[in-house]
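A few local features of the backbone follow at the end.

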Amino acid sequence: MLTGLMQQVPLTLNMIRERVAVLYPDKTVTTRFPDRLHVATYREIVERAGQLANAIRECGVDRGARVATLAWNSHRHLELYLAVPCMGAVLHTINARLSSGDIEKLLADAEDELLFVDQSIWRTICADIRVPACVKRVVVMEDEHVDEAAAPSTDQARLCALYEAFIEAQPPNIDWPSLGEDEASGLCYTSGTTGDPKGVLYSHRSTTLHTLGCLFVDGIAMRERDVCLPAVPMFHANAWGFPYAAMMAGAALALLCRQTDPASLVELINAAGVTMATAVPTVWSNFLDHLRAEPASAARIASMKRLPVGGAAVSRSLIDGFAQFGIEVMHCWGMTEISPLGLTNVERSDLAPEERPHTRTAQGLPIPTCTVRIVDEHGRRLPWDGTAPGELQVASPWAAAGYFGGSAGPDGSSRSFTRDEGREWLRTGDIATIDPHGYVRIVDRAKDLIKSGGEWISSQAIELQLANHPDVREAAAIGRPDPKWQERPIACIVLQHDTPENRKRFEMQFKPYMSQFFPKWQIPDEISFWNDLPKGKTGKIDKMVLRQQFMRNREG
Ligand code: ADP
């Protein structure tokens with residue numbers, strides 16, 4: 001054994017807590033509650049996290065125990081992001097849009113010992129939720145005016161405390177434990193679009209490395225002078241890791257509770273001087289429409305420079321549209337199992353000028369330390385020629401190697417993971433091509449591909465072209481069963497201005513428009529007009545629900 005090696009510093013979230021307290025105590029966290037703006041400094045956040053950790057300890061929560069949150073984006077949720085993992089417990093962020101039955105199941109599956117819940121959520125679910133026996137205490141967070149009438153009922157009061165009273169008497173100082181980097185820090189369940197929700201268990205090491213990945217210039221390039229607005233929920237994959245990254249970098253944070261409508265975004269961007277924000281494309285396409293319609297709003301968001309956008313494919317019209325307002329859209333790709341970021345679209349200096357426009361819409365290059373490959377159905381590597389599609393697989397220190405409690409993969413086996421070439425690989429279920437420069441382009445989710453006459457049609461490619469059409473507000477392509485071809489594509493459309501005349505006009509234009517981009521057999525046979533498309537927990541279009549509703553409308 002050689003001597004004289006470097007220090008063995010465990011990569012834990014305590015690094016972030018210490019750094020933000022020492023270097024950036026006066027930077028701010030602005031939360032926009034529906035009725036007011038709340039501004040706290042990082043000094044206050046870290047001190048209150050200390051009080052919170054003391055209070056949690058008094059409840060008898062030990063290392064490795066799970067503490068659940070059911071909350072929108074706020075300074076209190078951020079305090080939990082620090083207190084729970086830094087005291088050695090595991091932060092289990094539950095999707096606040098689930099039904100009470102599903103929430104009960106997740107609390108029981110994770111064996112959560114405490115539940116922190118926003119009052120606005122508690123008021124709406126408390127009527128019928130049966131808090132499982134594993135939960136020792138429910139702490140209600142005052143995200144709205146606390147009204148006696150809305151206080152928990154007698155049975156629930158046995159369990160309940162209000163957040164401010166829960167931490168009030170506690171000292172801010174705490175003897176934070178030394179943690180190992182392989183201890184669990186967070187737990188987030190997948191949305192269940194591919195089967196039962198499965199728990200992804202993040203470690204201190206994986207989360208700390210993912211945080212650093214967000215700071216890489218060829219990652220998200222978050223830095224001290226940024227003011228960051230993660231407009232994705234903090235219950236979803238650590239809000240893409242942006243709160244931890246902001247604290248590590250020393251960037252100020254702006255949090256939006258639950259509203260992602262354009263007016264709320266404009267108000268918070270203006271109040272906090274936001275420089276970068278992130279959410280799924282549907283949020284930003286509504287925002288872009290608003291900026292175009294309201295020049296006064298465009299003037300109020302002049303501080304905004306960069307939009308890392310992901311969760312679903314980003315269209316060229318979104319990229320070009322924001323460029324007109326001086327805002328750079330950075331396309332990202334990820335999934336809950338990858339903490340979640342795996343790819344970011346940064347422009348390589350060695351791209352030929354003619355390659356640049358096309359490359360901008362790819363999902364991007366693997367972030368340093370992420371390794372990617374595409375494989376065929378037999379698991380054989382496919383070439384990086386930009387045309388061969390195969391399943392995208394990822395090896396990374398922040399990718400999952402299994403599910404919490406050993407739950408099975410999407411098809412009931414443990415096929416989500418495979419081990420070969422001396423590495424563990426996460427099978428993403430996404431079909432992609434990789435070009436010779438290493439840019440990954442997602443063709444579709446395997447389960448969303450439309451199979452017509454033995455050939456695959458990418459629903460995503462159809463959606464992206466429809467999104468570029470000036471009359472279209474939202475679009476999705478789904479397959480409907482077909483006796484002759486097995487499946488045929490249907491275009492589900494929300495028009496910018498939905499009138500009978502506009503529908504007729506769009507129908508007339510549809511085929512000539514699509515035939516500029518697709519061979520005849522790939523063009524949807526039918527247009528289905530909608531007022532709104534169903535969305536999942538992060539605002540992405542929920543194709544499973546869309547298919548069900550489409551079939552129901554058809555049958556009804
Ligand atoms: P879910 O979408 O099931 O709620 P995730 O947030 O984990 O849960 O979603 C991950 C999936 O989202 C990826 O596997 C991929 O299919 C899709 N996705 C994420 N980012 C992009 C992107 N930039 N382009 C296309 N698809 C994306």
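Into which domains is the chain divided? In this predicted model, there is a domain 1, made up of 14-170 + 181-323, and a domain 2, which covers 450-555. The C-alpha centres of domain 1 and domain 2 are 34 Å apart.

**The interface between the domains**

Contact between the two domains involves 20 residues of domain 1 and 15 residues of domain 2. Together, domain 1 and domain 2 bury about 1,400 Å², and 55% of this area is on carbon and sulfur atoms. On the side of domain 1, the residues that lose the most area to domain 2 are His-236, Thr-282 and Ala-313, which together make up 27% of what that side buries.

Side chains of opposite charge can pair when their charged atoms come close. How many salt bridges does the rule find across the interface of domain 1 and domain 2? There is one salt bridge across this interface. Asp-289 forms a salt bridge with Arg-473, with 4.0 Å between the closest N and O atoms. The interface of domain 1 and domain 2 also has three residue pairs in polar contact, both residues of a pair being at pLDDT 80 or more.

Two or more residues on the side of domain 1 that touches domain 2 come from each of α12 (281-293) and α14 (316-323). Of the elements on that side, α12 gives the most, with three residues. Sorted by class, the side of domain 1 that touches domain 2 consists of seven nonpolar, ten polar and three charged residues.

**Around the ligand**

The ligand has 18 residues around it, of which Cys-332, Thr-336, Asp-430, Arg-445 and Lys-540 come nearest.

| Residue | Atom of the residue | Atom of the ligand | Distance |
|---|---|---|---|
| His-236 | polar side-chain atom | oxygen | 3.0 Å |
| Ala-312 | backbone N or O atom | nitrogen | 3.4 Å |
| Ala-313 | backbone N or O atom | nitrogen | 3.2 Å |

**Salt bridges in the whole structure**

A search of the whole structure gives 37 salt bridges. One of the salt bridges joins Arg-205 to Glu-181, the closest N and O atoms being 3.6 Å apart. Which parts of the chain does this pair link? Arg-205 belongs to helix α8 (residues 204-215), and Glu-181 to the loop between α7 (163-168) and β8 (184-189); the two residues are 24 residues apart, and the pair links distant parts of the chain.

Where does Pro-340 lie? Pro-340 is in the loop between β14 (328-334) and β15 (341-344), and Ser-339 is found in the loop between β14 and β15 as well. The peptide bond from Ser-339 to Pro-340 is cis, and its omega is near 10 degrees. Ser-339 has a phi near 70 degrees, which is a positive value in a residue other than glycine.

Definitions and conventions. Residues are numbered from 1 along each chain as its sequence is written. Side-chain values use heavy atoms; hydrogens and water are left out. Domain bounds come from an automatic or database domain assignment. Contact means heavy atoms within 4.5 Å. Buried area is the accessible area (1.4 Å probe) that two parts lose on being put together, summed over both. A salt bridge is a side-chain nitrogen of Lys or Arg within 4 Å of a carboxyl oxygen of Asp or Glu. A polar contact is a pair of N or O atoms within 3.5 Å; within protein, one must be able to donate a hydrogen and the other to accept it, and residues adjacent in sequence count only if both atoms are side-chain atoms. Helices (H or I, at least four residues) and strands (E, at least two) are DSSP runs, numbered from the N terminus. Ala, Val, Leu, Ile, Met, Phe, Trp, Tyr, Cys and Pro count as nonpolar, Asp, Glu, Lys and Arg as charged, and the others, Gly among them, as polar. A residue is near a molecule or strand if one of its heavy atoms lies within 4 Å of it.
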